[in-house]
Amino acid sequence: MSKRSRKQIKGKKTGSKRMNSAQLAERILNFLENHYGEEFSIKQIIKKLLIRDSLTKGGVEPVLNKLVEAGSVSRNPRNHFSSTKSPDFIEGTVDFVNPRFAFIVPDNKAEGEEDILVKANDMKNALDDDKVRIMVYPNKRHGQKREGRVLEIVKRAREEFVGKVEISPRFAFVVPDFKKMHHDIFIRKSDLMGAEHHQKVVVKITEWREEDKNPTGKITQVLGEAGEHEVEIHSIMAEFGLPFEYPEDIVQEAEEINEEISKSEIKARKDFRDITTFTIDPVDAKDFDDAISYQRLPNGNIELGVHIADVTHYVKPKTNLEKEAYDRATSVYLVDRTIPMLPERLSNGLCSLRPNEDKLTFSCVFELDENGEIQKQWIGRTIIHSDRRFAYEEAQENIDKQEGDFFSELTLLNNLAKKIRKRRFQHGAINFETTEVKFKLDEKGTPLGLIVKERKDIHKMIEEYMLLANKAVAEFIYNKNKGKDTFVYRTHDHPDLERLETFANFAKKFGHQISINEDTKISSTLNKLMNEIEGKPEQNLLEQLAIRSMAKAKYSTEPKGHFGLAFSHYTHFTSPIRRYPDMMVHRLLQHYLDGGKSPDKEPWDDKCVHSSEREKRASDAERASIKYKQVEYMSLAEDKAYEGIISGVTEWGIFVEITETKCEGMIRLQDLRDDYYEFDEKNMRLIGTKNKKMITLGDQVSVRVVNTDIDRRTIDLEFANDND
């Protein structure tokens with residue numbers, strides 16, 4: 001028999017199997033429903049469904065006729081067919097997971113509602129974080145995710161990207177730094193703006209037709225040579241749309257504010273200037289949001305005052321200063337600088353509670369008994385005069401040595417805070433003590449070393465009194481009218497049990513048991529875990545994963561509780577210099593103290609959403625700047641084997657957190673030469689097909705740094721020996 005004959009016979013064998021009428025009807029219906037709004041002829045349907053055998057082809061028309069009779073399919077006069085079943089149309093936000101697909105997170109997502117998977121070819125050029133309108137396919141196969149396709153881009157999240165320009169003789173591309181931007185941006189030579197090959201630039205997308213694989217853009221700013229500290233930090237700022245400086249009119253408006261405190265203003269406030277008052281902040285801080293006052297009352301109780309900078313006295317509604325503060329919504333803390341919410345004259349001057357100066361404040365004043373229980377409280381506007389500015393380390397030293405300024409007051413307040421803190425945990429608060437890393441930089445910004453921040457009693461004391469004030473303000477407003485009055489709350493939902501179960505299974509690998517049956521048990525068992533892992537190699541990893549398993553805290557006008565703190569009601573009142581929501585809280589609080597009626601909720605809802613979004617942007621930018629310095633630090637670090645813990649397992653690679661430096665890198669699966677590994681998603685592990693070796697989340701391993709890429713902020717690793 002000839003080769004051709006054998007091939008023809010083989011082709012017949014491998015052709016599509018004949019389907020019965022029910023199977024054929026299901027396939028046709030699925031196809032038409034997934035192409036809602038489109039019409040197909042019989043020939044097109046046969047071609048699209050890859051039907052090859054003649055008997056099944058002949059059955060397509062009769063099946064279509066039956067579906068038309070049943071009302072599942074409609075037929076037009078040209079004998080073209082379409083589905084009659086209407087899909088769901090929803091709006092949501094794009095989460096572009098990888099170049100192959102994205103998930104659309106529905107707006108106002110209901111509990112238990114799934115995100116919708118959209119393949120890259122059906123994205124209609126939508127990008128990560130864009131608001132889109134999509135069609136959700138009506139049919140969903142058992143065990144599979146809902147799928148859909150983008151119909152319209154409602155709102156672009158960003159039009160500008162930061163990246164490295166690649167110039168060829170006839171054209172150029174910008175390769176974006178942003179990991180979730182999966183397309184290079186085409187640049188005409190006339191739109192280079194003088195940029196040179198491999199420089200960092202800001203590029204704006206100007207056009208992206210549906211038929212084009214890549215968007216077209218033009219360079220709007222040349223940042224400089226890739227790898228230089230200032231260029232890379234500016235790249236991060238541009239990437240997240242952070243402002244480089246204040247507009248001149250805003251600075252001028254701040255400079256023109258009268259700093260003199262009038263007699264009438266003092267008369268309208270409670271005067272605390274003669275009461276012992278001090279601030280405790282980081283050693284390099286300049287914006288002192290909060291101060292503590294202390295005095296012993298005749299009845300033996302303690303009067304504790306939590307005094308907060310009265311920012312809204314100076315920043316008035318509808319001014320340019322107000323608009324700029326709202327737009328920024330938060331100060332951003334990068335590795336080498338602060339991008340403040342308010343201009344320096346306000347943040348470090350007028351509003352900063354500097355020592356030996358009269359300052360206007362908004363205060364919560366508590367009368368506490370010897371157990372730290374609140375006997376009375378008062379909330380209102382005050383004037384203070386700070387006697388002393390402490391750095392955290394200084395105040396802690398005075399407590400430890402029992403000497404120095406205000407050591408007895410600090411000691412007493414610290415002991416009270418410990419009692420309040422203990423009660424909070426007994427009521428179900430979760431003790432998340434995350435490991436914070438700070439870089440020691442030289443004058444050029446090069447990382448010289450890593451410093452792990454230590455949280456001492458004094459940090460916890462200040463935190464406890466800030467929590468006390470925030471809680472008191474939220475409960476005061478809620479109790480006025482049983483939560484019906486418009487207010488800004490800081491809410492934290494109960495954790496998703498499925499995600500918590502995944503975390504519990506992971507913690508079990510380290511020998512830790514977590515109960516996830518009841519809220520109180522969840523908190524107590526998590527607190528027990530946090531105590532157990534302190535100082536152990538897995539501490540940072542488990543802390544981070546525990547936080548990721550929780551819901552995200554957000555701003556809301558809904559008077560819901562805060563799960564993590566175990567408070568029925570909570571708000572942000574104590575940092576108005578660096579957070580816009582605190583300014584919102586101050587305004588509403590004073591409005592109600594003055595006897596005002598509840599304002600319309602909708603504008604405050606919008607401000608809450610905006611503030612939550614800006615908070616996420618700031619957090620992402622801060623993480624990016626830390627990751628940049630981690631990559632740079634590891635590029636300069638000693639070439640040796642590092643101990644680490646597997647912090648993530650995916651189908652394309654293994655993430656490892658280096659224990660010594662807290663830096664995370666990845667071993668690519670394609671670089672593992674000893675075997676072919678398959679991904680077991682349920683158990684977060686890889687299994688070798690031949691040697692059956694398992695690589696599991698939480699394994700302790702030894703790794704070496706192979707490569708570092710500052711542009712992509714990635715660290716490539718390899719196993720340091722054959723035993724891993």
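**The α17/α18 pair**

Helix α17 covers residues 580–593 and α18 covers 601–636; they pack at about 155°, axes 10 Å apart. For axes I take lines fitted to C-alpha atoms, for helices over the stretch in contact, with angles from 0 to 180 degrees between N-to-C directions. Helices (H or I, at least four residues) and strands (E, at least two) are DSSP runs numbered from the N terminus.

Which residues make the contact? From α17 I noted Tyr580, Pro581, Met584 and Leu588, and from α18 Trp604, Lys607, Cys608 and Ser611. Contact here means heavy atoms within 4.5 Å. I sorted the residues of this contact into six nonpolar, one polar and one charged. My classes: Ala, Val, Leu, Ile, Met, Phe, Trp, Tyr, Cys and Pro are nonpolar, Asp, Glu, Lys and Arg are charged, and the others, Gly among them, are polar.

**Ground rules and overall numbers**

I am reading a predicted model, in which local features need pLDDT of at least 70 and side-chain atom pairs count only at pLDDT 80 or more, while totals for chains, interfaces and linings use all residues. Residues are numbered from 1 along each chain as its sequence is written, and side-chain values use heavy atoms, with hydrogens and water left out.

I count 18 helices and 33 strands in the protein. The C-alpha trace spans about 110 × 65 × 60 Å along its principal axes. Of the 724 residues, 48% are buried; that means under 20% relative accessible area, with exposed over 50% and partly exposed in between (1.4 Å probe, protein chains only). Of the contacts with a separation of 6 or more, 64% are between residues 24 or more positions apart. The protein exposes about 37300 Å², and carbon and sulfur atoms supply 46% of that. Those areas come from the Shrake-Rupley method with a 1.4 Å probe; for residues, only the protein chains shown count as cover.

**The five-stranded sheet**

In what order do the five strands of the open sheet run? I read β5-β4-β3-β6-β7, with antiparallel pairing. The edges are β5 (116–119) and β7 (148–155); each has a single partner strand, so one side of each is left without a neighbour in the sheet. The twist averages 45° from one strand to the next.

I then checked the β4 and β5 pairing: β4 is residues 101–106, and four bridges link the two strands in the antiparallel sense. I call two strands paired if DSSP finds at least two bridges between them. Phe103 sits opposite Leu117 in β5.

Strand β8 (residues 160–167) runs antiparallel to β9, joined by five bridges, and a hairpin of four residues connects them. Lys164 has Val175 of β9 as its bridge partner. On to β10 (residues 185–187): three bridges join this strand to β9, again antiparallel, and Ala172 stands opposite Ile187.

**An enclosed helix: α5**

Nine of the eleven residues of α5 (residues 229–239) are buried, so this helix is largely enclosed by the rest of the structure. Among the buried ones I listed His229, Glu232, Ser235 and Glu239. The cover over the buried residues includes β8, β11 (199–207), β12 (216–225), β18 (338–339) and α18. Just after α5, Gly241 takes a positive phi of about 65°.

Asn414 lies in α12 (residues 407–426) and, at 4% relative accessibility, counts as buried. Not counting residues up to four places away in sequence, Asn414 touches Ile399, Asp457 and Met461.

Phe31 lies in α2 (residues 21–33) and is buried at 10% relative accessibility. Leaving aside neighbours within four places in sequence, Phe31 contacts Phe40, Ile45, Lys48 and Leu49. I also checked Tyr137, 106 residues apart from Phe31 along the chain: their C-alpha atoms are separated by 10.0 Å.

Ser347 lies in α10 (residues 344–350) and is buried, with a relative accessible area of 5%. Leaving aside neighbours within four places in sequence, its contacts are Lys286, Asp287, Pro340, Leu342, Ser352 and Ile577.
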